[in-house]
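Subject: Two-chain model, handed over

Hi,

Here is the model you were expecting. Please open it first, then read my notes below.

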Amino acid sequence: MLYRENGQFKTTYAADSQIFPIAQDRWVILALIAFAAVVVPMVASTYMFKAILIPFLILSLAAVGVNILVGYCGQISLGSGAFMAVGAYAAYNLFIRVEGIPLILALLGGGFFATLVGIIFGVPSLRVRGLYLAVATLAAQFFWDWAFLRIKWFTNYAPSGSVQVADLSVLGWAIKDPADKYLFCLAFLVVFGLLAKNLVRGAIGREWMAIRDMDVAAAVIGIRPMYAKLSAFAVSSFIVGVAGALWGFVHLGGWEPAAFSVDRSFQLLFMVIIGGLGSIMGSIFGAAFITLLPIFLNQALPVLGDLVGMEVTTAFVSHAEFMIFGALIVWFLIVEPHGLARLWSVAKQKLRIWPFPH
Amino acid sequence: MGFFLETLMGGLMTGMLYSLVALGFVLIFKASGVFNFAQGAMVLFAALAMARFAEWFPQWLGFENKILANLLAFVVAGALMFAVAWLVERLVLRHLVNQDGAVLLMATLGITYFLDGAGQTLFGSDIYKIDIGMPKEPMFLFQSVFEGGVLVSQEDLYAAVIAALLVIALTLFFQKTSTGRALRAVADDHQAAQSIGIPLNRIWIIVWCVAGVVALVAGMIWGSKLGVQFSLTTVALRALPVVILGGLTSVPGAIIGGLIIGVGEKLSEIYIGPLVGGGIEIWFAYVLALVFLLFRPQGLFGEKIIDRV
């Protein structure tokens, strides 16, 4: 009754080909963005910003990037952590070596270098596919872990290998308070989210999906596998690289190579799979789930332990966190292998025919 | 020349140990099409169980004999790995039949987290020793051929022998027993195997049990070399290039791949490492595997990939 496209007549081509063709979708998205931009900064505490909201936004952005590669183009990648690292270190080097470079340009520059690296490490995907490719992308991960640790030029010869950035500002707006950082990241997520959403429904997105579904058949109907696969690697690693730069600059402030380890790659892949392969909204759901779950477990376990009268040590909590996290992932994959995005679309479908489902 | 041979021998023996871990991957992938990321966690879990039981049994039962303690611990840890295999099949794999490869991969990552947590909750998270009486002092070979001979760690030599024995035992099991024949049938073609009455579920349990035993042996050897600790799980990450180099579906591939990676790693570390700042072992193995893959996308001995529309 509330959510249906009946009576919404498209009279121009522009109206017919907009990103959200259903008016209700547009309103919900706008309301969500307005809520995130206006209401959240008023009510959230510093802890909320620092521990939950900012990591969630940045990892959502990264997950959108990974989803383009894994979910839309079907190339499983375990090297996303490395592309984040490349983005972060490239942005850092631009920031300190180029006099007076604007912050946004440095961040986008980080994305640009991540793109170059992504294309190079995407080349094996032309020969190798599936799980072989997943393992091959680990090469990127271990190579860049090593490079940022051993090649001192990248870290500007910092003795401990960790780098810092300070005094971030955009056009006189100093990004210092957690709320400012939050808004800055939110702006990036909204812009890149909409760009990605627009991209995947265009010609190039359809090429990616054709390659994902069956690359030989796609090649037969005239899609160039090399162009499609490498463009997916390029777009994906650009977004992941920008997310990495944000992670280093805005969230951490100072970081070392361990911040972008192979665990980060696994985490991003978890987000994409749990959120739903081939869905931009799903990446954001997945990022929320994976970011919140450990925090929730960390808070809830000692309380639960008190309830049953068990003495809970910190070591036990961290191990139990591992166990519950692992078990929940498996449970979730069994219950809904298509991810949270599937639940979302099922809910929309139900809403569409409500209240007369027959 | 002597030094080169030493490096080569060291590489071959490390390679043997990588093959052991890689073997676990290959066995499970062949039989069930699951890329089992949990192999590293299984190695850690088995090694923790072995180390702790060998420590606990003498206390509980009041005896001193070390060999008996190790033997008992090995049997109990093996039984524990069987239990893990059964649970994994029962609770996870059975519900994920026909899912996409990526989903199965993620499920085994979930199992990895679970086993890491469970192992450390049950057995503690310190560094433990496994003492199965492997001689520590090095020995010299070919002293008559070269001046000074070739220095070889006896421990590595024993480990390589144990690994070789395990591989021979596995080969016999696969070729000579009826269960082994059923396993090979499933590996060849799931549907055909099922249609002639081979129970898939039982085969999966068996193959996870075998992988569990392989993990236990690998954990025992790596544990007595490096000590049983959390970093043992990274052994799995170092064995991955071995698997893709040899081919995901080939047992001999795992062994030969292990030897190539082992030697390549050691030689590169010694002859190329100093030029670029050292520590290149881990990514060099991956790049080596990658270069091989560019020429043979299915790995050295993997089944040829045939594209059909």
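Helices (H or I, at least four residues) and strands (E, at least two) are DSSP runs, numbered from the N terminus. This is a predicted model: local features need pLDDT of at least 70, side-chain atom pairs count only at pLDDT 80 or more, and totals for chains, interfaces and linings use all residues. Residues are numbered from 1 along each chain as its sequence is written, while chains are lettered from A and ligands numbered from 1 in the order in which they are written.

Chain A

Chain A has 14 helices and four strands. Its C-alpha atoms fill a box of roughly 65 × 60 × 45 Å along the principal axes. The radius of gyration of chain A is 21 Å, which agrees with the value near 21 Å for a compact globule of 358 residues. That radius is taken over C-alpha atoms, and the globule rule is 2.2 Å times the number of residues to the power 0.38.

Of the 358 residues of chain A, 44% count as buried. Buried means that 20 or more other C-beta atoms lie within 10 Å of the residue's own; 12 or fewer means exposed, and in between is partly exposed, with C-beta atoms placed from the backbone.

Start with helix H3 (residues 46-72) of chain A. H3(A) has 27 residues and reaches 36 Å from its first C-alpha to its last, close to the 39 Å expected at 1.5 Å a residue. The expected span is 1.5 Å times one less than the number of residues. H3(A) has a kink of about 35° at Leu53(A), shortly before the proline Pro55(A). The bend at a residue is the angle between axes fitted to the seven residues ending there and the seven starting there. H3(A) is mostly covered, with 20 of its 27 residues buried. Just after H3(A), Gly74(A) takes a positive phi of about 75°.

Leu183(A) sits in helix H7 (residues 178-200) of chain A. Leu183(A) counts as partly exposed because it has 19 C-beta neighbours inside 10 Å.

Chain B

Chain B has 12 helices and two strands. Of its 309 residues, 49% count as buried. The C-alpha trace of chain B spans about 65 × 60 × 40 Å along its principal axes.

In helix H2 (residues 39-61) of chain B, the end C-alpha atoms are 32 Å apart, which agrees with the 33 Å that 23 residues should span at 1.5 Å a residue. A kink of about 25° in H2(B) is centred on Phe53(B). Just after H2(B), Gly62(B) takes a positive phi of about 70°.

Where the chains meet

The contact takes 37 residues from chain A and 38 residues from chain B. Two residues are in contact if their C-beta atoms, placed from the backbone, lie within 7 Å. On the side of chain A that touches chain B, H13(A) gives the largest share, 13 residues. By class, that side has 32 nonpolar, three polar and two charged residues. Here Ala, Val, Leu, Ile, Met, Phe, Trp, Tyr, Cys and Pro count as nonpolar, Asp, Glu, Lys and Arg as charged, and the others, Gly among them, as polar.

The core

The largest nonpolar core has 212 residues, and Leu61(A), Leu246(A), Val43(B), Ala47(B) and Met50(B) touch the most other members. Such a core is a set of buried Ala, Val, Leu, Ile, Met, Phe, Trp, Tyr and Cys residues joined through C-beta atoms within 7 Å.

Best wishes
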